[in-house]
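Student: I would like to go through some labels on this structure. Please set each value against its cut-off.

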Amino acid sequence: MLHTPALDDLTRRVRDLEDRDALHALMIRGWRALDRKDWRTWSACWAEDAVLEFGPWQRTQGKEAIRAKVEEAESPYTSIQHHILNMHVDVAGDRATGIGYMWFVAVTAPGRTSAPYSMGGPYDWEFRRNGDGWLLARQRLGVLWTDGDDTLRAFEPE
């Protein structure tokens with residue numbers, strides 16, 4: 001096959017687009033699973049040695065420890081929604097970084113007419129590619145604001 005600078009550049013740009021699309025798909029698949037409380041699908045998005053750094057909680061390391069912590073906190077809610085806003089990723093070979101914003105909404109009682117509990121803040125991600133595709137290696141998540149009462153107290157500082 002003939003290699004030219006233009007063809008090599010096109011190949012690199014297409015690979016970059018495919019990688020960024022795969023990273024967006026990873027996050028959407030994972031966080032939709034989180035909203036359905038499909039803990040297995042959600043945790044499959046994380047590397048075995050992943051790290052979660054979340055504002056009120058202490059640092060959590062390891063895919064299974066992250067799953068247990070988040071499942072314990074979010075399972076009691078009747079309904080949850082995780083929104084990822086303004087997501088941007090940069091790819092560098094088999095590593096990638098990303099930023100975005102969280103808007104989390106939780107309902108404690110079905111049919112409740114008052115405002116649900118919600119919070120928001122910045123995401124900061126690190127990803128790495130393995131033989132099966134991209135995985136989340138680190139997530140830092142800060143809480144800049146909350147609204148409503150977290151009657152379950154799932155997100156209080158440890």
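Tutor: Start with the burial labels. This is a predicted model. Trp125 is buried, and Phe127 is buried too.

Student: What makes the pair of Trp125 and Phe127 tilted?

Tutor: Their ring centres lie 6.2 Å apart, with the planes at 40°.

Student: How many aromatic pairs does a search of the whole structure find?

Tutor: The search finds twelve. One of them joins Phe54 and Phe155.

Student: Why is the pair of Phe54 and Phe155 called edge-to-face?

Tutor: The centres are 6.0 Å apart and the planes stand at 85°. Edge-to-face needs over 60 degrees, so the label holds. Phe54 belongs to strand β1 (residues 46–54), while Phe155 is in the segment after β7 (145–147), so the pair ties together parts 101 residues apart in sequence. Both Phe54 and Phe155 are buried. Ring pairs also link them with Trp57, Tyr77, Phe104 and Tyr117 into a cluster.

Student: What sits over the ring of Trp57?

Tutor: The charged end of Lys69, 4.9 Å from the ring centre. The distance cut-off is within 6 Å.

Student: Why is Thr78 called partly exposed?

Tutor: Its relative accessible area is 41%. Buried means under 20% and exposed over 50%, so the value falls in between. Thr78 lies in the loop between α3 (63–74) and β3 (79–92).

Student: How far apart in space are Thr78 and Ala65?

Tutor: They are 23 Å apart, C-alpha to C-alpha, and 13 residues apart in sequence.

Technical notes: Residues are numbered from 1 along each chain as its sequence is written. This is a predicted model: local features need pLDDT of at least 70, side-chain atom pairs count only at pLDDT 80 or more; totals for chains, interfaces and linings use all residues. Side-chain values use heavy atoms; hydrogens and water are left out. Rings of Phe, Tyr and Trp (its six-membered ring) pair if their centres lie within 6.5 Å; planes under 30 degrees apart count as stacked, over 60 as edge-to-face and the rest as tilted. Helices (H or I, at least four residues) and strands (E, at least two) are DSSP runs, numbered from the N terminus. Buried means under 20% relative accessible area, exposed over 50%, partly exposed in between (1.4 Å probe, protein chains only). A charge sits over a ring if NZ of Lys or CZ of Arg is within 6 Å of the ring centre and within 35 degrees of the ring normal.
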